[in-house]
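Please read it alongside the sequence and coordinates shown next.

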Amino acid sequence: MGKEKKWDKTFADRMGRYYDELKWLYMELYQNDQQAFDYFCEMLYTCYTDRSAILKDWDEARSEVTDWFAGNDMLGMLMYTNCFAGNLKGVKRRLNYLAECGVNYVHLMPLLESPKGRSDGGYAVADFRKVQPELGTMADLAALAEDCHSRGMSVCLDFVMNHTSEDHEWARRARAGEKEFQDRYFFYDNWDIPNEYEKTVPQVFPTTAPGNFTWCHEAGKVVMTSFYPYQWDLNYRNPVVFNDMTENMLYLCNQGVDIIRLDAVPYIWKTLGTNCRNLPEVHSLVRIMRIAAEVVCPGTLLLGEVVMEPSKVVPYFGTVEKPECHMLYNVTTMASTWHTVATRDVRLLKHQLGTVFALPKQYVFLNYLRCHDDIGWGLDYEYLKQFGMEEVSHKKYLNEYLCGDWPGSDARGERYNDDPRQGDARLCGTTASLSGIEAAEYEQRVDKLTRAIRLDLMLHAFLLTQSGIPVLYSGDEIGQLNDYTYHEDPEKWDDSRYLHRGNLDWKSVAKRKKKGTREAQLFNGIRKLTELRAKHRVFENAADTWIVETWNDHILGIGRYYRGEKMIGLFNFSDQDETAWIDEKEEYIDMLTGEIRPARAVGIPAQDFAWLVTTDL
């Protein structure tokens, strides 16, 4: 390895396990640039030596149990720091509440320094080493992480790697004409090459930010901006960019961040004449980042944000022998869930889950009903065609139903990036509002509210039945409703995603202790489900999973088996009582009531569920 004599034994041993592969991958990407590779290796050692003794102990403990994040006791919560508790110190003060929720995985949405009004919710980072001043400091982040660790909680943070803010130091110097920094982005003297890119590269936000390039007046050049004009794409063909961005990632790990969410990772490598998505070089970069984490901070996980169809998502796990991301978002199941709510037809969800269940059990998905983002309708339309569901008309129906525009629908959402020309739009809204709770409370209909809460709990039960890590969106535990005040804020009113990004209402949180309230019913209902999940080993990620045929297109059946324990989960998406026509031979117990309940011709009330478990095997 050449310079290993400078390295301590632990680092040298870790590096030795990966050095040949690391060098091969790096040299292939960067045309045998030995100087850049040597710098990269020394940078890794510097980050390793900067890591605190406490975090190194944390690494050693997790190295003993490498699948520590795949247990049935894992429960995440996703939050914006300012919306949840004002700032990082506020989050620290609220950790008792998170513990009460059963949360041991805290995902903090982007909180690094970014310009007001040009941040895309914090995804335009101006400084990867500074926290947004009103949210606190890096010292506050490290203190929060330390407190979380003392409680057995992990901290997840977004790492925005595809681009920087136009206010980042690199961008400012590029704008001033410094070639070294222009080479960190994609600058062109005229529109000739950008126009060639536009022929093959799709637009991310065709209505709110059309095109993939922006004219930079100060530099007198065109710069690539795939997402928004104020987000400049980084040029990962330049090894300096990759070296420095990897160092930024490891710096955050050294503040105590346990899970790095790789934002927009499929976009990070650009090649003219392609769609600049999911190119082979992306996987080489992610594999190198995985190796960097294994060498410097092996207690750290990489979470890939790949919001695409399953065939594009799964490769980001890498292989069992050469893994890339530890975890990936289960985006397609999330979207298919809301499709099923709107259609009451479980056939697509069965088809989607069948694909997931066939994957190696080492692959861990992060599962969710809602998150900070919109719901995109990237469904399997080839499969849906056999049922007469055509893409354009079906998307229109889904949006109409879930926005409450369809007769009889109690869902309350809003469209995002509506493109009438393409007949396309995505969807926004909280879980509670999409489940009908908002409409029921507005109409003061107790019967509707009862049904809507039942649907909300059924959806959470389905979430918790899946293998992987279930993650709640902050506020969902009490059924927080849409926040329409964003319409009055000039910095937010053109982005309907703020509909579900409202501040957590702590007065509403307090109602969780008042019997009979919507907050109490949901908080206690979800908490009971998560406690049952943690208690029963059948929910372990290593369990066998399969689709149970219910002979009813309204009821989804899921089977799980692990070490002598078997469960059948039945979920009725219909607004009518239905029967699951199953005939399981064992004697089952209803998990929620503890009563014996045969798994034969099981009746499930409208929008309700059953968890049946047996050890009689």
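Helix 1 passes helix 2 in a right-handed crossing. The model is a predicted one, and the points below are grouped by topic.

**Helix 1 and helix 2**

- The axes of helix 1 (residues 9–29) and helix 2 (residues 34–50) come within 12 Å of each other and cross at roughly 150 degrees, which means that helix 1 is roughly antiparallel to helix 2.
- On the side of helix 1 the contact is made by T10, F11, R14, M15, Y19, L22, K23, Y26 and M27, while helix 2 contributes Q34, A36, F37, F40, C41, L44, Y45 and Y48.
- Sorted by class, this contact between helix 1 and helix 2 has 13 nonpolar, two polar and two charged residues.

**Cavities**

- Seven cavities of 30 Å³ or more are held within the structure, and the largest cavity contains about 160 Å³ of space.
- The largest cavity is lined by V356, F357, L359, P360, K361, Y363, F365, S467, N541, A543 and T545, a lining with seven nonpolar, three polar and one charged residues.

**Second largest pocket**

- About 890 Å³ of space lies in the second largest pocket, whose lining is made up of 38 residues, with S119, G121, G122, K492 and Y498 lying nearest its centre.
- The elements giving two or more residues to the lining of this pocket are helix 4 (81–85) and strand 15 (414–419), and helix 4 gives the most, with three residues.
- By class, the lining of the second largest pocket has 14 nonpolar, 13 polar and 11 charged residues.

How values were computed
Residues numbered from 1 in each chain as written. Predicted model: local features only at pLDDT ≥ 70, side-chain atom pairs only at ≥ 80, totals over all residues. Heavy atoms only, no water. 1 Å grid on protein atoms, 1.4 Å probe; cavity = no way out; pocket = protein on both sides within 12 Å on 5 of 7 lines; lining within 4 Å. Points joined across faces, edges and corners; volume = space filled by probe spheres on them. Nonpolar A, V, L, I, M, F, W, Y, C, P; charged D, E, K, R; others polar. Helix = DSSP H or I, 4+ residues; strand = E, 2+ residues; numbered from the N terminus. Axes fitted to C-alpha atoms, helices over the stretch in contact; angles between N-to-C directions. Parallel < 35°, antiparallel > 145°, perpendicular 65-115°, else oblique. Left-handed = near helix turned anticlockwise from the far one by under 90°. Contact = heavy atoms within 4.5 Å.
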